[in-house]
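This report describes selected elements of one structure.

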Amino acid sequence: MRAGGLGGFVGREVVVTEKLDGENTTLYADGLHARSVDSAHHPSRAWVKALQGRVGARIPAGWRVCGENMYARHSLPYDSLDGYFYGFSVWDARDRCLGWDETVRFLRGLGVPVPPVLWRGVFDERALRRLRVETGRQEGFVVRTVEGFARAEFAGRVAKWVRSGHVTTDTHWMHSAVVANGLGSTAPLWAVRSGAAPDAEALAAYLGEACPGATASGDAHADPGAADRSGAAFDAVAAAEVAARLDGLGRGGDARLAGVLAALLHRIPRARLLSGAAGTLGVPLARRVADLVGLHGGLQRPYPDGERRAGLVRMSFAADLGVLHAVAGTVAGDDEAREQVEWSALHAQEAGLLGEAPLGALRSGLREALESDGIGGAAADRCWAETREAYARGRVGTVAEAVAATWRWRGGESPRLVQFVGPSGSGKSAFAARLEGVSAYVSLDGLREARGDRADQKANGEVLREGLDRLDRALADGAGRVVVWDATSLNPHQRSLVHAVARRRDALVTHAVLVTAEDELVRRNAGRAHPVPAGVLAGQLRRFVPPYPGQAHRTWYVGADGTVQDRDGTLEGEDA
């Protein structure tokens, strides 16, 4: 282990990342250099120079991004890189290294991946010594504190271990022919995040499992007016046009990627896209792409101007409105639809909603105000949910107004309802077993079983009324109670019946949306003790309309593994 001493790690949380075999390179807003500021040109640096040209405008003046240029093969070969540049530290204008989590967020916004994380936790030298590095394909590892630090503290906050004899070639790589390392299947995603032109064929190949049988349509370099957009699920022309529009808006990172993918996939039904893409993109990105696909059509239709601001604010809970308008304008089918999108964009701009986080200042200000009074958790989330709805209605505009308007919910006395949303077999019962502090559990299948047959759908009306009565009594029993509603709740009408009871009892409502791919649902259903008929499951999938963020106070998105992988409506975490 090479370090200036391990004392700076003791008692601190550290993160251990793989040390990559590349060329140390630093990016700035206006340029870059390799190793030292006087480094000369080399063919292996052309790719990272192009990257700097794309991302430099998003690096603040006086900041620098340090990382590894992985284009050229050195001693170790790589065949599945996310990209040819990996960032490992970001330094601000005060010459301070950002904390690790902030570093990851900043680099992701640029479209720059970070090295694989091998371990994270409170510093434990024994745990580090137990790490096993495959010396045939890994150069070593780097340890750094999770919290940020000043440059003067560097020697005590960063350490590295490098394999013995890590240089295994006879000739220095700079004096040999350049052999490029290989890119992996996720590289097209990172390229889009960083501002590169979308490679529709590569994106289609990566997303093929989410959209089996689909092919890219059109030529991204052809005249958009001449392209045939009618036959294929993937729309390469739309993806290229949206990328150009988003570049004009200065969008990068996941915002740009979500917009490009939404344009590419805009013909795929939203529910199918959400469940199908979650396994490849991850739940957070998949649901943002799916929400863009589901919402963009609303901007293409006439809408009462008197209600437009409130509608746009509510849309902003689910989507970046700049990205949404770019997608809607690109895929609009005729001049009238395009005019509606342009008119909507003017309203959004006038209302200050086209930025990346239009409610971010209100959210962070309310969070700080509540934290200063010791208020967090469900009570804080309720205050935020009520604040953003009041903002949509034009009733609050400042943090002070939000604090005043939410006084009644600060104590957290409201009962809490968790409403499951998902087809049969999506994992509702398994997720329920993970929930803690549940006071009452209302299951429509359980009520049917008590009548003699849980598969009997003939008395659904009576079962629903009995369930709603039980829900009402459970929510009325006391403050802070957690009540679970276990039913498919597939569409807005079904959910609204439950919401009406919750409003009567002033309950905090959380949607728990179960995100599971269709083929996995079929597999699980076949193995259940009480499977639903195949036709019933197919009908559920056709009718499934997942809720949007903001249609409950909070939304949890539960992945196929039964854990919450994305959240909306909480004051915790980064601003959005």
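What covers the buried residues of α11? In this predicted model, the cover includes the helices α10 (283-295), α12 (321-331), α13 (335-350) and α15 (377-392), together with strand β18 (564-568). The buried residues of α11 are Arg308, Ala310, Gly311, Leu312, Val313, Met315, Ser316, Phe317 and Ala318. Helix α11 itself comprises 14 residues (305-318); at 1.5 Å a residue it should span 20 Å, and its end C-alpha atoms are 21 Å apart, which agrees.

An open sheet is formed by four strands in the order β7-β1-β8-β10, and their pairing is antiparallel. Because β7 (117-122) and β10 (158-162) each have a single partner strand, they stand at the edges, and one side of each is left without a neighbour in the sheet. On average, neighbouring strands are turned by 15 degrees against each other, direction ignored. Within the sheet, β1 (residues 13-19) and β8 (residues 140-145) run antiparallel and are joined by six bridges; Thr17 has Val142 of β8 as its bridge partner. Helix α2 (residues 100-110) lies across β1, β7 and β8, and runs at about 145 degrees to β7.

The structure contains zero disulfides. For Cys97, which is in no disulfide, the nearest cysteine sulfur is that of Cys66, 8.1 Å away.

| Cysteine | Relative accessible area | Class |
|---|---|---|
| Cys97 | 3% | buried |
| Cys383 | 0% | buried |

Both classes follow because buried means under 20% relative accessible area.

Conventions: Residues are numbered from 1 along each chain as its sequence is written. This is a predicted model: local features need pLDDT of at least 70, side-chain atom pairs count only at pLDDT 80 or more; totals for chains, interfaces and linings use all residues. Side-chain values use heavy atoms; hydrogens and water are left out. Two strands pair if DSSP finds at least two bridges between them. Helices (H or I, at least four residues) and strands (E, at least two) are DSSP runs, numbered from the N terminus. Axes are lines fitted to C-alpha atoms, for helices over the stretch in contact, and angles run from 0 to 180 degrees between N-to-C directions. Contact means heavy atoms within 4.5 Å. The expected span of a helix is 1.5 Å times one less than its number of residues. Buried means under 20% relative accessible area, exposed over 50%, partly exposed in between (1.4 Å probe, protein chains only). A disulfide is a pair of cysteine sulfur atoms within 2.5 Å.
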